[in-house]
Amino acid sequence: MRLSLGAIIGHSLVLPLSSLSARHLTGGRTPTARRLTIKILTIMRHGEAAGLGADGDEARALTARGTDDCRRLAAHLKNDGVAWDKIFCSSARRARESGKLLAGALGSAGSATKSPLVPEIHPELYLAGAKGLLAALHA
């Protein structure tokens, strides 16, 4: 499976996929028609975070399990040929940590430039609902 995607990580982790090959959609068979491209938006939650402390919700860090889960997910995605174009994170520490772990494991962006994949911090995504996430996608 070969995916090219971007990412938004808000209060939850959001990964917009930009293309999916027709071979994947046909169960591995070579399609007879021209190559098919589909845009997909995948929403994922950040890794497991520590409980609420004196510094507030936004400062909650990933737990050891949350860190391990993010690393395992990134390894699985990389093994499946996933290449991300962008990652957007909210200002929540756990979202930034999740994005950084995933970006570090996946390496470079999926675009032709192969530039380093670095999460972009967007404070407006913290606790954003569906409308806020859609607004960020359109910006």
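Student: Which backbone nitrogen does the side chain of Ser98 reach?

Tutor: Good place to start! In this predicted model, the side chain of Ser98 reaches the backbone nitrogen of Gly47, at 3.1 Å.

Student: Where does Ser98 lie, and is Ser98 buried or exposed?

Tutor: Ser98 lies in helix H3, which spans residues 93–106. To read burial, look at the relative accessible area: buried means under 20%. Ser98 has a relative accessible area of 0%, so Ser98 counts as buried.

Student: How many of the residues in the protein are buried, as a percentage?

Tutor: Of the 139 residues in the protein, 40% are buried. The accessible surface comes to about 7900 Å², and carbon and sulfur atoms account for 56% of that surface.

Student: How should I read a nonpolar core, and which residues form the largest one here?

Tutor: The general idea is that in soluble globular proteins, nonpolar side chains tend to be buried together. Here, the largest nonpolar core has 10 residues, among them Trp84, Ile87, Cys89 and Leu117. Helix H2 (64–79), strand E5 (82–84) and H3 are the elements that each give two or more residues to this core. H3 supplies the largest share, three residues.

Terms used. Residues are numbered from 1 along each chain as its sequence is written. This is a predicted model: local features need pLDDT of at least 70, side-chain atom pairs count only at pLDDT 80 or more; totals for chains, interfaces and linings use all residues. Side-chain values use heavy atoms; hydrogens and water are left out. Helices (H or I, at least four residues) and strands (E, at least two) are DSSP runs, numbered from the N terminus. Buried means under 20% relative accessible area, exposed over 50%, partly exposed in between (1.4 Å probe, protein chains only). A polar contact is a pair of N or O atoms within 3.5 Å; within protein, one must be able to donate a hydrogen and the other to accept it, and residues adjacent in sequence count only if both atoms are side-chain atoms. A nonpolar core is a set of buried Ala, Val, Leu, Ile, Met, Phe, Trp, Tyr and Cys residues joined through side-chain atoms within 4.5 Å. Accessible areas come from the Shrake-Rupley method with a 1.4 Å probe; for residues, only the protein chains shown count as cover.
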